[in-house]
Amino acid sequence: MTSKNIPIPKKLVLLGESSVGKTSLVLRYVNHFFDSRTEPTIGATYLTKTIDFPKYSLRLQIWDTAGQERYHSLAPLYYRGAHGALVVYDVENLDSWERAKEWVKELKSNGDPNILIDIIGNKTDLDIRVDPVEVASYCEENGFGFTETSAKTDSNVDEAFSNLAKKFKVDL
Ligand code: GDP
Ligand code: MG
């Protein structure tokens, strides 16, 4: 049997300030729906999604927080062992972009040194206040991918996850 038939497990975590839309992005991506009353948590667990590439498949374990980021105290256990992280900010909320950069620092100091990081600017259906040129140049300097999304209108949500997933190293 080839690895195409056996999805390779990869842990992916979402990080970012409370209310930027992390849970909404996961629910949109995995379950294809958006609910403006989304609870702040889907629980301290993960959802899975299989993603197929021409030569292999990945079984993404997508971890969402249970809202603990509100207290700025996310246990390193949450992102330990993660292969990738999507660090999310809200394009309308300048402070959420500043917070995103703090999460990156925390990942860099406490996470797996090889973790892949992409930045997501969510809520593009609203006013864009965070300058995407600034974010893009920060991402370029750091070797991060950058995708702007709207979980509400389903803009670029699949791309945000697959752009990161396709960078995961796979031994065939
Ligand atoms: P989390 O705390 O980061 O998990 O954020 P949530 O997913 O709970 O979303 C917080 C609020 O933002 C909810 O009211 C969502 O409906 C709303 N929201 C999430 N994504 C979007 C989006 O793309 N556009 C708009 N307009 N609202 C969004
Ligand atoms: Mg949430």
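Both Tyr29 and Phe161 are buried, where buried stands for under 20% relative accessible area, exposed for over 50% and partly exposed for what lies in between, with a 1.4 Å probe and protein chains only. The model is a predicted one, in which local features need pLDDT of at least 70 and side-chain atom pairs count only at pLDDT 80 or more, while totals for chains, interfaces and linings use all residues. Residues are numbered from 1 along each chain as its sequence is written, chains are lettered from A and ligands numbered from 1 in the order in which they are written, and side-chain values use heavy atoms, with hydrogens and water left out.

Rings of Phe, Tyr and Trp (the six-membered ring of Trp) pair if their centres lie within 6.5 Å, and their planes count as stacked when under 30 degrees apart, as edge-to-face when over 60 and as tilted for the rest. By this rule the count comes to 6 aromatic pairs. One of them joins Tyr29 and Phe161 in a stacked arrangement, with 4.1 Å from centre to centre and 0° between the planes. This pair links distant parts of the chain, since Tyr29 belongs to helix α1 (residues 22-31) and Phe161 to helix α5 (residues 157-165), 132 residues apart; helices (H or I, at least four residues) and strands (E, at least two) are DSSP runs, numbered from the N terminus.

A tilted pair is formed by Phe53 and Tyr56, whose ring centres are 5.2 Å apart and whose planes make an angle of 40°. Phe53 counts as buried because its relative accessibility is 14%, and Tyr56 is likewise buried, with a relative accessible area of 13%. Elsewhere, ring pairs link Tyr89, Trp97, Tyr138 and Phe144 into a cluster.

The charged end of Lys49 sits over the ring of Tyr29, at 4.5 Å from its centre, and the charged end of Lys11 sits over the ring of Trp63, at 4.8 Å from its centre.

We turn next to the ligand. Ligand 1 is surrounded by 20 residues, of which the closest are Ser19, Lys22, Thr23, Ser24 and Asp125, a residue being near if one of its heavy atoms lies within 4 Å. Helix α1 gives the most to this shell, with 3 residues. A polar side-chain atom of Asn122 lies 3.2 Å from a nitrogen atom of ligand 1, a polar side-chain atom of Ser150 lies 3.3 Å from an oxygen atom of the ligand, and a polar backbone atom of Ala151 is 2.9 Å from an oxygen atom of ligand 1.

Ser19 counts as exposed because its relative accessible area is 57%, and its phi is positive, at about 80°, although Ser19 is not a glycine. Asp154 counts as partly exposed because its relative accessibility is 40%.

Note on methods: Lys NZ or Arg CZ within 6 Å of the ring centre and 35° of its normal. Polar contact = N/O pair within 3.5 Å; in protein donor to acceptor, adjacent residues only side chain to side chain.
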